[in-house]
Amino acid sequence: MWPAPETGCWLHPAVEVRASPISGVGLFARAPIAVDARVSRLGGRLVSTAALLRPATDYVDTITVDDDIHLVLPPDTPNGKGNHSCDPNLWWAAPYTLVARRDIAAGEELTNDYATSTGVPGFAMPCRCGTAFCRGRVTGGDWARLDLQARYGDHWVPALLAKIRA
Ligand SMILES: C[S@@+](CC[C@H](N)C(=O)[O-])C[C@H]1O[C@@H](n2cnc3c(N)ncnc32)[C@H](O)[C@@H]1O
Ligand SMILES: [Zn+2]
């Protein structure tokens with residue numbers, strides 16, 4: 001079993017929310033952020049898959065914690081504004097914690113690959129990240145892709161890493 005989440009989230013002080021070319025708003029670095037720096041720690045409440053898939057649930061503001069357990073972020077937390085990229089500059093380094101995957105310049109949008117944090121069956125999102133690696137569509141089954149497993153190594157939420165290693 002994974003550690004219980006904090007009830008609240010923490011965000012690096014150099015991160016702000018603003019309009020994104022990917023979609024709506026996103027998270028941006030106001031100052032350089034070094035590789036491996038901690039950028040976002042998520043908290044919130046744990047819910048079952050059935051609760052998550054109820055109509056009107058915004059399942060994107062969640063991460064998979066176990067087969068039938070998902071962390072739902074508190075409403076309106078800026079941490080929940082992170083957009084997806086198929087070539088992200090953040091990735092998972094500890095339960096609930098995103099760190100810089102590479103050195104990030106001031107002004108860059110901070111992104112993570114939703115496939116590394118959701119194994120929700122039926123989840124699918126058309127992608128407009130615009131990177132050379134864009135898959136066009138992100139799904140709750142992408143964790144099973146060998147190319148992504150090779151690219152991200154251990155940098156998945158623990159529940160998906162356990163599935164990959166099984
Ligand atoms: C966690 S929210 C991110 C914040 C969101 N952009 C906003 O303005 O509130 C996730 C939603 O953002 C959009 N989104 C995030 N990444 C995207 C991408 N790469 N391509 C298209 N839409 C994306 C989708 O609508 C998705 O459901
Ligand atoms: Zn993409």
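Residues are numbered from 1 along each chain as its sequence is written, and chains are lettered from A and ligands numbered from 1 in the order in which they are written. In this predicted model, local features need pLDDT of at least 70, and side-chain atom pairs count only at pLDDT 80 or more, while totals for chains, interfaces and linings use all residues.

**Exercise 1. Describe the shell around ligand 1.**

Step 1. A residue is near a molecule or strand if its C-beta atom, placed from the backbone, lies within 6 Å of it. Ligand 1 is surrounded by 17 residues, and the closest are S23, G24, N83, H84 and R128.

Step 2. Strands (E, at least two residues) and helices (H or I, at least four) are DSSP runs, numbered from the N terminus.

Step 3. Sorted by class, the shell has 8 polar, 6 nonpolar and 3 charged residues. Here Ala, Val, Leu, Ile, Met, Phe, Trp, Tyr, Cys and Pro count as nonpolar, Asp, Glu, Lys and Arg as charged, and the others, Gly among them, as polar.

**Exercise 2. Work out the sheet that contains β5, β7 and β6.**

Step 1. Two strands pair if DSSP finds at least two bridges between them. The order β5-β7-β6 gives an open sheet of 3 strands with antiparallel pairing.

Step 2. The edges are β5 (45–47) and β6 (62–66); each has a single partner strand, so one side of each is left without a neighbour in the sheet.

Step 3. On average, neighbouring strands of this sheet are turned by 35 degrees against each other, direction ignored. Axes are lines fitted to C-alpha atoms, for helices over the stretch in contact, and angles run from 0 to 180 degrees between N-to-C directions.

Step 4. Between β5 and β7 (residues 69–72) there are 3 bridges. R45 stands opposite V72, and L46 has L71 as its bridge partner.

Step 5. Between β6 and β7 there are 4 bridges, and D66 is partnered by I69. These two strands form a hairpin with 2 residues between them.

Step 6. Of the 5 residues in β6, 4 are buried. Buried means 20 or more other C-beta atoms within 10 Å of a residue's own, exposed means 12 or fewer, and partly exposed lies in between, with C-beta atoms placed from the backbone.

**Exercise 3. Is L90 buried or exposed?**

Step 1. L90 is found in strand β9.

Step 2. L90 counts as buried because it has 25 C-beta neighbours inside 10 Å.

Step 3. Leaving aside neighbours within four places in sequence, its contacts include V39, L98, L110 and N112. Contact means that the C-beta atoms of two residues, placed from the backbone, lie within 7 Å.

**Exercise 4. Describe residues 123–139.**

Step 1. An unreviewed UniProt entry lists these residues as "domain: Post-SET".

Step 2. The chain here is 35% strand and 0% helix, and the end C-alpha atoms are 5 Å apart.

Terms used
UniProt positions renumbered as here; feature names shortened; annotations may be inferred.
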